[in-house]
Amino acid sequence: SYHGRLAGFIEQNEDTLSAKRARAELASVEASAQDFVDEMVELAAVGDHYTRYERIKEAKRGLAGIPAFDEANRLWVDQAKHPAVRDSIADGKAYAAIFEDVAEADEQLEKDLARSERTKSPSKRKKAEEKARASHEKKLAGLEARLEKISDRSPGTYYGEAALRSRQSY
């Protein structure tokens, strides 16, 4: 790891100017790792286990080998074995997928409406627009049902409450 290489360099070149610069870089890397750990603690405190899980997965490559991260990662791995945390991660993944699907449905609606604009006949254009909007509403209804499933399955949790609020806004 980068952290390990820096520490090794400092050990081999203790009293050099390069080692002094490496110590400053090492302190910066360790501070970044600690900031990341603090952010993950905040996510855990609010119950956002999915975002925490994804961020840790992304950060492992860059932060592995830094003592603060490694210690926190061991703790997170142990916590992730708990059924409630696993369920929360699954709910978060499902919740995130819903919003990806909403964006995809909105994009498709825009394409369909743009295509209908090219139709010369006003009556055919109106019919094409109505069909596009009806298809979009049908997709959103399916997504609302998925939100309802999350909110019913996990009431009182971070994602259960988020799904409930999102469902109410539709």
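**Entry 1: α5 and α6.** I began with this pair, whose axes lie 9 Å apart and pack at an angle of about 175°. That makes α5 roughly antiparallel to α6, because angles over 145 degrees count that way. I then sorted the residues of the contact by class. The contact of α5 with α6 holds 15 nonpolar, 3 polar and 11 charged residues. I note here that I am reading a predicted model.

**Entry 2: α5 and α7.** Next I took helix α5, residues 83-117, with helix α7, residues 158-169. Their axes come within 9 Å and cross at roughly 25°. That makes α5 roughly parallel to α7, since the angle is under 35 degrees. I looked up the hand of the crossing of α5 and α7 and found it left-handed.

Which residues meet here? From α5 I listed S88, D91, G92, Y95 and F99. From α7 I listed Y159, A162, A163 and S166. By class, the contact of α5 with α7 divides into 5 nonpolar, 3 polar and 1 charged.

**Entry 3: α6 and α7.** I turned to helix α6, residues 122-153, and its crossing with α7. The axes of α6 and α7 come within 7 Å, and the crossing angle is roughly 145°. The crossing of α6 and α7 is left-handed.

On the α6 side I wrote down E144, L147, E148, I150, S151 and D152. On the α7 side they meet Y159, G160, A163, L164, S166 and R167. I counted classes again: the contact of α6 with α7 has 5 nonpolar, 3 polar and 4 charged residues.

Which element gives the most to the lining? I found that α3 does, with 6 residues. By class, the lining of the largest pocket has 7 nonpolar, 2 polar and 3 charged residues.

Conventions:
Residues are numbered from 1 along each chain as its sequence is written. This is a predicted model: local features need pLDDT of at least 70, side-chain atom pairs count only at pLDDT 80 or more; totals for chains, interfaces and linings use all residues. Side-chain values use heavy atoms; hydrogens and water are left out. Axes are lines fitted to C-alpha atoms, for helices over the stretch in contact, and angles run from 0 to 180 degrees between N-to-C directions. Helices (H or I, at least four residues) and strands (E, at least two) are DSSP runs, numbered from the N terminus. Angles under 35 degrees count as roughly parallel, over 145 as roughly antiparallel, 65 to 115 as roughly perpendicular and the rest as oblique. A crossing is left-handed if the near helix is turned anticlockwise from the far one by less than a right angle, and right-handed if clockwise. Contact means heavy atoms within 4.5 Å. Ala, Val, Leu, Ile, Met, Phe, Trp, Tyr, Cys and Pro count as nonpolar, Asp, Glu, Lys and Arg as charged, and the others, Gly among them, as polar.
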